[in-house]
Amino acid sequence: MISNRLTMLGTGSAFPTQSYHSCFLLQSGKDSLLADGGGGMEILHRLDQAGMSPASLHHMFVSHVHTDHIFGAVWVIRRVLQLSLENSYEGTFQVLGNAEVTAAIQTICRLTLLPAYTERMQSVISLTTVSPGDTTRIGSISLQFIDACSRGCTQTGFVATLPDGVTFGFLGDESLTGRNLQQVSGIDYLVCGAYCSYADRDIFHPYEKHHHTVRDVAREAAEAGVGCLILCHCEDRDPESRPLLYATEASEFFRGPVMTPADMEVIELTDGRQNSLV
Ligand SMILES: [Zn+2]
């Protein structure tokens with residue numbers, strides 16, 4: 001049996017104080033996909049901590065152009081180019097994203113990288129524009145891109161089908177809402193944003209920032225028949241008490257497991273339904 005695993009490299013929202021911006025590594029056997037990069041060079045440290053050498057990384061997906069998701073991608077690209085210039089990187093590094101993402105990455109790299117890097121970029125970095133409905137494969141991981149239906153900017157997510165038939169969905173930093181619910185209906189695992197608990201809405205003001213609360217997400221997850229809910233892009237005032245606080249609030253509506261992982265937490269993605277009564 002091939003092991004499917006999720007490593008949360010970061011779990012915070014745009015201005016985290018005790019965590020890194022939300023991003024993760026999805027792995028199945030030897031196949032790896034980095035999803036979002038967070039906002040800075042810290043991504044390289046997180047990959048190192050996760051035992052993922054950029055020399056072995058060949059696929060990345062970026063959900064949208066906001067600073068807390070895209071600038072880490074530039075650092076990963078820079079590191080790959082550096083390795084390539086040192087003859088320590090083989091093959092190409094594919095960066096998948098919507099048209100806004102690929103255009104922004106192209107521009108940022110052109111304006112900020114040394115000429116030797118931008119020249120090498122043409123042969124090593126494959127910027128691939130994807131639209132909702134497009135499909136691709138990364139080894140044993142098959143991906144279908146979806147519209148996260150964000151009101152903040154154009155935001156793209158994906159549904160991955162892993163070996164053993166486990167399904168995994170990602171909505172960028174968008175919450176599960178009535179607008180995007182159909183696209184992840186019945187999925188085993190869903191990673192989505194939950195900015196804070198509903199009880200704390202007057203402290204963190206999620207709605208003013210185009211975000212939603214744990215309670216909102218839990219209600220939609222029950223409606224969508226999601227197996228296991230993995231919440232991220234959260235406030236990080238008290239990360240240790242967050243999992244219980246969020247799981248308790250979610251349980252009013254959602255019967256399945258609710259995880260609010262800490263940075264660098266690893267989640268084995270088995271059959272999500274096996275956990276449904278936990
Ligand atoms: Zn964000």
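Colleague: How many bridges join strand β9 (residues 156-161) and strand β10 (residues 167-170)?

Modeller: Strands of a sheet pair through backbone hydrogen bonds, either parallel or antiparallel. Here β9 and β10 pair in the antiparallel sense over four bridges, where pairing requires that DSSP find at least two bridges between two strands, and strands (E, at least two residues) and helices (H or I, at least four) are DSSP runs numbered from the N terminus. Phenylalanine 158 stands opposite phenylalanine 170 in β10. This is a predicted model, in which local features need pLDDT of at least 70 and side-chain atom pairs count only at pLDDT 80 or more, while totals for chains, interfaces and linings use all residues. Residues are numbered from 1 along each chain as its sequence is written, and side-chain values use heavy atoms, leaving out hydrogens and water.

Colleague: What is the strand order of the open sheet?

Modeller: The seven strands run β7-β8-β9-β10-β11-β12-β13 with mixed pairing, and the edge strands, β7 (135-138) and β13 (258-259), each pair on one side only.

Colleague: Which protein donors does the zinc ion have?

Modeller: Donors are N, O and S atoms within 2.8 Å of the metal (3.2 Å for Na, K and Ca), and water is not among the atoms, so sites may look incomplete. In this model they are Asp68 (OD), His69 (NE2), Asp173 (OD) and His233 (NE2), lying 2.1 to 2.3 Å from the zinc ion, and their spacing in sequence is D-H-x103-D-x59-H. Histidine 69 in helix α2 (residues 67-85) and aspartate 173 in the loop between β10 and β11 are 104 residues apart, a pair linking distant parts of the chain.

Colleague: Are histidine 69 and aspartate 173 buried or exposed?

Modeller: Both are buried, meaning under 20% relative accessible area, with exposed over 50% and partly exposed in between (1.4 Å probe, protein chains only).
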